[in-house]
Structures are given as C-alpha cells and as structure tokens.
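Please look through the structure shown here, and then read the numbered points that follow, which take up its local features one by one.

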Amino acid sequence: MSLLDLAPVIPVVVVEDVESAVPMARALVAGGLPVIEVTLRTPAAREAIARIAAEVPEATVGAGTVRTSDDIAAAVSAGAGFLVSPGTTLALVEALDSSGVPYLPGAGTVSEIMALAERGVKELKFFPAEAAGGVPYLKSLYGPLPDVRFCPTGGIRAETTPAYLALPNVGCVGGSWLTPADALAAGDWDRVEKLAAEAAALR
C-alpha cells in the first residue's frame, strides 16, 4: 500500500530528547496515526528512529529532512521505513531510488513535479505547502497532472487539513501540530494521543 494511504495525517516530529521517542510514538499509534516522520534536524533523530523501529513495531517510522546520500544511509541503517526530502536534486533522487525503501521527494513547482514524474515518481511531498500556494495551487495541478499525488507539508494546521484532504490529488498531509514541543518536554502523552485521534478522524 502507498504511504499516502496509510493515514490522513503523517506527524512530522522534531525529537530533542531521545527518551521521548518511544512513548511519543506509542501515543501517536494509540491515537490512530501509525506513520511517523522523524526529521533529521537534531542529534537525537537517528537514535529516535532506531528506538521507534525496534520498540514500536506497529508504527511505520521514517526519516524527514533527508538532503544527502549520507542522510539516506544513516536513516536506513537506523531502521527508517521511508524517507522524505524537502526538495529534490538529480543526485538526491538517484540516491533515494537506490535506498531500497519508499520515499516522498519534495517538490514545489510544476517543473520539479514534471521532472520527477518523468522518472516515474508520482507520489511526492508538496513543500512548503502553505507558502507555495496551498489548496488553490494543488487544485490547479490536478488538471494537467492528474496522475501525480501529494502529501502537502508545511504550515498546515488541524483546521486547514480537511480542505487539503478533499482534493483528489492529495492522499494525506504532513503536520507538526500533533507533537507540540511543550507536550514532548512535559511527557504529556495523553495530549499527544488526543491530538492524534482528532487528526485520524479527519479522513
């Protein structure tokens, strides 16, 4: 099954403290969101992916903010089940192709989307979604590019998610509101689970 069809929202998570990774993942899964993107923005990210992969088997954990072949190698060796990039260069997409795991390459313009589609890559991350045109932009892409599907990410909130999910070329969205920094710092897993459950109900 496509990554885009596993859940309506993919939590985009920044892990500062590796000890929070497993309880956070369990709370997200309990709320109904089994696909988790851990961004490679902190020193704890790789170990967080490894722990989630090992200790929360019901979760599909992936790595986000993948920018280089070194990022890919580190993420895959840690146990990442998928990869997400903010944008896509030729060298990066070739490395993603060789990674052996599913990936969502980032794109923000029609030319970038067409270049990836020419390579047979037709499931993409649309980033930065709100800044790049949001719902109207994606809606306008459906006519000329009906065979390309997206996971828009960047600036999306719970209240704007339904408008994205209503588009025929959107499979899911990526969101950072599900794991607020203060909730992670406080270990407020009930709050994380509640936010996940609300997002899971947006199908």
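1. Helix α3 (residues 69-78) is followed by glycine 79, whose phi is positive, near 110°; helices (H or I, at least four residues) and strands (E, at least two) are here DSSP runs, numbered from the N terminus. This is a predicted model, in which local features need pLDDT of at least 70 and side-chain atom pairs count only at pLDDT 80 or more, while totals for chains, interfaces and linings use all residues. Residues are numbered from 1 along each chain as its sequence is written, and side-chain values use heavy atoms, with hydrogens and water left out.

2. Within α3 itself, the residues Asp71, Ile72, Ala75 and Ala78 are buried, where buried means under 20% relative accessible area, exposed over 50%, and partly exposed in between (1.4 Å probe, protein chains only). These residues are on the same side of α3 because they cover an arc of only 135° around the axis, the arc being that of the directions from the helix axis to the C-beta atoms. On the other side of α3, Asp70 and Ser77 are exposed. The cover over the buried residues of α3 includes α2, β3 (60-64), β4 and α4, and contact here means heavy atoms within 4.5 Å.

3. In α4 (90-97), the buried residues are Leu92, Val93, Ala95 and Leu96. Seen down the axis of α4, these fall within an arc of 160°, so they line one face of the helix. The face turned away from that buried side carries the exposed residues Leu90 and Ala91. Among the elements that cover the buried residues of α4 are α3, β4 (83-84), β5 (103-104) and α5.

4. Helix α5 (residues 110-118) has Ile113, Leu116 and Ala117 as buried residues, and they are on the same side of α5 because they cover an arc of only 100° around the axis. The exposed residues Ser111 and Glu118 are carried by the face of α5 turned away from its buried side. What covers the buried residues of α5 includes α4, β6 (106-107), β7 (123-126), α6 (134-142) and β8 (149-152). Just after α5, glycine 120 takes a positive phi of about 90°.

5. In the loop between β7 and α6 one finds proline 128, and the peptide bond that leads from phenylalanine 127 to proline 128 is cis, with omega near -10°.

6. Turning to helix packing, two packed helices are described by the angle between their axes and the distance between the axes. The axes of helix α1 (residues 21-30) and helix α9 (residues 189-200) come within 7 Å and cross at roughly 35°; axes are lines fitted to C-alpha atoms, for helices over the stretch in contact, and angles run from 0 to 180 degrees between N-to-C directions. On the side of α1 the contact is made by Pro23, Met24, Ala27, Leu28 and Ala30, and on the side of α9 by Trp189, Val192, Glu193 and Ala196.

7. Nine salt bridges are found in a search of the whole structure, a salt bridge being a side-chain nitrogen of Lys or Arg within 4 Å of a carboxyl oxygen of Asp or Glu. One of them joins arginine 51 to glutamate 47, with the closest N and O atoms 3.1 Å apart; the two are separated by about one helical turn, because they are four residues apart in helix α2 (residues 45-55). Arginine 51 is partly exposed at 25% relative accessibility, and glutamate 47 is partly exposed as well, at 39%.

8. In helix α9, lysine 194 and glutamate 198 lie four residues apart, about one turn of the helix, and their side chains meet in a salt bridge (2.6 Å, N to O). Lysine 194 is exposed, with a relative accessible area of 52%, whereas glutamate 198 is partly exposed, with 40%.

9. Finally, Asp5, Glu123 and Arg149 are linked in a network of salt bridges.
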